[in-house]
Amino acid sequence: MLQKSLVLTCTLFTLLFAFPAFAQTDDVSDDDVNRVAHELFCPTCESIPVDVCPTEVCSDWRAEIRRQLEAGATDEEVLEFFAARYGTGVLANPPARGLGSFFWIGPIVVVLAGLFIFGRQMNRLQQDSVEKISEAPPVPSSGDPYRDRVEKELRQ
Amino acid sequence: MFADLGNASIYLALAVTLYSIIAMGVAQWVPSVKSSTKAQLISSGRNAAIAVFPLIVLSCVILTLALVNDDYSINYVRQVTSRATPIQFKITALWGGQAGSLLLWNLFLAGFLAAAWISKAEERDLIPYAIIIGGLTQTYFLYLSAFPENPFAPAVSVALDGNGLSPLLRHPLMIIHPPMLYLGYTGFIVPYCFAMAALLAGRLDDSWIRTTRRWTLTAWLFLSLGLILGGRWAYDVLGWGGYWEWDPVENVAFIPWLTGTAFLHSVMIQEKRGMFKVWNVILILTTYLTVIYGTFIVRTGLLSSVHAFAQSDIQWGFLVFVGFMLLFSIGVAVWRAPELRSENYLESLLSREAAFLANNFIILAITVIIFLFTNFALVSEWITCSALFSNYDCQSYGVGPDTYNVALGPLFAALLLLMGVAPMTMWYKTSIQRLGSQSLWPAVAATVFAIALVVGGMRKIGAVIGLWVVAFSLLLTLLEYVKGAHARVKSKQEGWLTALGNLFKRNQRRYGGYLIHLGVLVMAAGIIGTEFFQAEHQVFLNVGERASLGDYTIEFLGTAFTQSEDTNSAIGTVAVYDKDGTFLTNLQPHTDIFDNGQGMTIPDARSTIAEDFYVILVNWENISATSATIRMYLNPLIQWVWSGGVIFIIGTLVAAWPDEMDEKIAAAERRVALASVNNR
């Protein structure tokens, strides 16, 4: 009787602990690992994401990602783990904080500056045309009348 | 023996280059030189500048012979070949390493320059200055080949065999890709030389642009080919499922292509309207500097580490060289800027001039963003490693394709839109009615297409907008051909096909240019398809097991192992079935492991116009060969990227091909230049 209940308890315990673990293992596919690995840069291959990098280090990183996902971590948690351990620089798409915000602010600044310069340039070129319309536009000269004529004809 | 001969020819090339610079400098700037001596100096300096090319050819031939004959007393030969290396790879090992690549770079530069000095002999007043400018660049690179990166440097110890060529470089695409890039890079130096020469000589008309137009297009053609082949190589060999990763090495090749593209467009405004003269000088200068910069990023691995950079002598020398060329060029441009005044003014914001200017701004914004992103790794490492941020970890911030795509996607879309609209604009002024009436039906058709996509289930808004833009611009570009041919059919009573052919004949540059636009639009469709809709699935399979991705199902049939001279290969075989279970084909992705430990993952793919089903062998069971891990990719429209590339290259060839009109103009210019020289 005691033996029987012991076996039962053991079995129950085994089921209780082993089964969820088994279920979790089943949940983490290679695709899940690759999805997270794609967001990380491999430290041994220059700017190649971890999911395609063939080196041993990256293979270890993929194993670590799998281990953490199996333990129930979310994608973000795994990424944070790597960022905390190896620095934010390992993230392929750094979040917009700290130095990483450069990648979000930089392009906006470039485009705005571009629009500003473009607008000013257009304005200037046009104002010039309004101002200069009264006086005859300066004719460029190479100092050689024949060459000027050919230049002019070529342009037409 | 090989080494001594090779070295002698490199040293001689360097000496001859220096002589040509000095001869030209003395002839141009020393006032006391008699005019007969001046003529002799110029002719001798020019001959010297041309002679650099055969000297470098000689050193390349010698190096190739050393490679083919296994001369392992030369360090470079030992690094890049081995006795087992097949003969064709022994030859291509000429550019399989650092020192050889730089020698090839020197060869191409000398070739382009010699060709320019020979064929442009008529540009008597520009050539001496151009030779000085070209000579400065050649001197620096020959210095590299002669001293710090000498390909003939002796090996430190005796060896009977070499290390062998890096396996990644044994692919045919990788064999042609670097020479194409170098040809593109060095080709752009010719227009730069003539631009600077025009400024120095005070010849401020547009002839330097017309003189170098074909050179610019040729350089651009090679750079485009280099980029496309590089992308294809990545797709065929690297096993990433993609063709472009925004990797620093890719970016630094793309940057001069972008500025070169801006230059090719904006010179048209100068030719037609005499505007933006300073701007064009700035663009060609930027292209030149980014070419030099790109070469060094690739050659020195600068972006991988700041520390390596600080430790090397070459790189400081490089900074000095680039700094000198930058200050010198800007100085000359500023000195002449007042004389480079625009001859005309912008009449309207709706004009071809304004459209070209907008094109330039978008391209430059893209360039600046790529430049900043690429170099931020360097800057961030410098910042975080400095004492200022001592509590930070010392690290560099790279950034992956997703961030690039988000930052650049809208700008590329704007560029594609402009590509369709700009050809409708007229010089001086275009009425909004004209633009509206011409683009109405293409806009309606593109919108119907976009609605159909949404109804068909497409939910990614970025893709729908992107495809709308592509469809709209594609229709507008095709209409340009239809309108042109229609005019001929009506006025000349030609058949449609004859009319279309004559369009190209009459204006190669314009209709070749539109063909380039068509190529870009087709590529854009492919890029949108792959970037937005790529799907992947990785799975572990035993023999006989099946897995599916999209409409495709694979069955794993087994792994085979082969062995050749220095390579072990694992070849997986999968059978591919469509959704009805009909057998389509067998695919054999494989992984090659080389004796030196390097590996290469070669995918296999089933390609259709709609999509590629692309398979990689990720891992395999070695002993029993009964199981493997397979990664499948579905790459929609990827074939459009390659076909667009082919159209693009054909278009560039059409635009660059010598045509009668251009010859006539060039001849007229030559007469003018000669007349003006004789009148002095």
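Helices (H or I, at least four residues) and strands (E, at least two) are DSSP runs, numbered from the N terminus. The structure is a predicted model, in which local features need pLDDT of at least 70, side-chain atom pairs count only at pLDDT 80 or more, and totals for chains, interfaces and linings use all residues. Residues are numbered from 1 along each chain as its sequence is written, chains are lettered from A and ligands numbered from 1 in the order in which they are written, and side-chain values use heavy atoms, with hydrogens and water left out.

**Stop 1: the surface patch**

Select A:Trp104, A:Ile105, A:Val109 and B:Val406, which form a nonpolar patch on the surface with about 370 Å² of accessible area together. Accessible areas come from the Shrake-Rupley method with a 1.4 Å probe, and for residues only the protein chains shown count as cover. Patch members have over 30% relative accessible area and no salt bridge; like charges are joined within 9 Å, and nonpolar side chains (Val, Leu, Ile, Met, Phe, Trp, Tyr) within 5 Å. A salt bridge is a side-chain nitrogen of Lys or Arg within 4 Å of a carboxyl oxygen of Asp or Glu. Helix H5 (residues 102–132) of chain A provides the largest share of the patch, three residues. B:Val406 belongs to helix H15 (residues 401–421) of chain B and is exposed, with a relative accessible area of 53%. Exposed means over 50% relative accessible area, buried under 20%, and partly exposed in between (1.4 Å probe, protein chains only).

**Stop 2: the sheet of chain B**

Next, display the open sheet of four strands in chain B, ordered E1-E10-E9-E8 with antiparallel pairing. Strands pair if DSSP finds at least two bridges between them. At the edges are strand E1 (535–542) and strand E8 (604–607) of chain B, each pairing on one side only. Neighbouring strands are turned by 20° against each other on average, direction ignored.

Within this sheet, select strand E9 (residues 611–620) and strand E10 (residues 627–636) of chain B, which are joined by nine bridges. B:Val615 stands opposite B:Met632 in E10(B).

Axes are lines fitted to C-alpha atoms, for helices over the stretch in contact, with angles from 0 to 180 degrees between N-to-C directions; contact means heavy atoms within 4.5 Å.

**Stop 3: two loop residues**

Select B:Ala625 in the loop between E9 and E10 of chain B. B:Ala625 has a positive phi of about 60° although it is not a glycine. Is B:Ala625 buried or exposed? B:Ala625 is buried, at 13% relative accessible area.

Finally, go to B:Gln493, in the loop between helix H17 (461–492) and helix H18 (496–506) of chain B. B:Gln493, not a glycine, has a positive phi of about 55°, and B:Gln493 counts as exposed at 64% relative accessibility.
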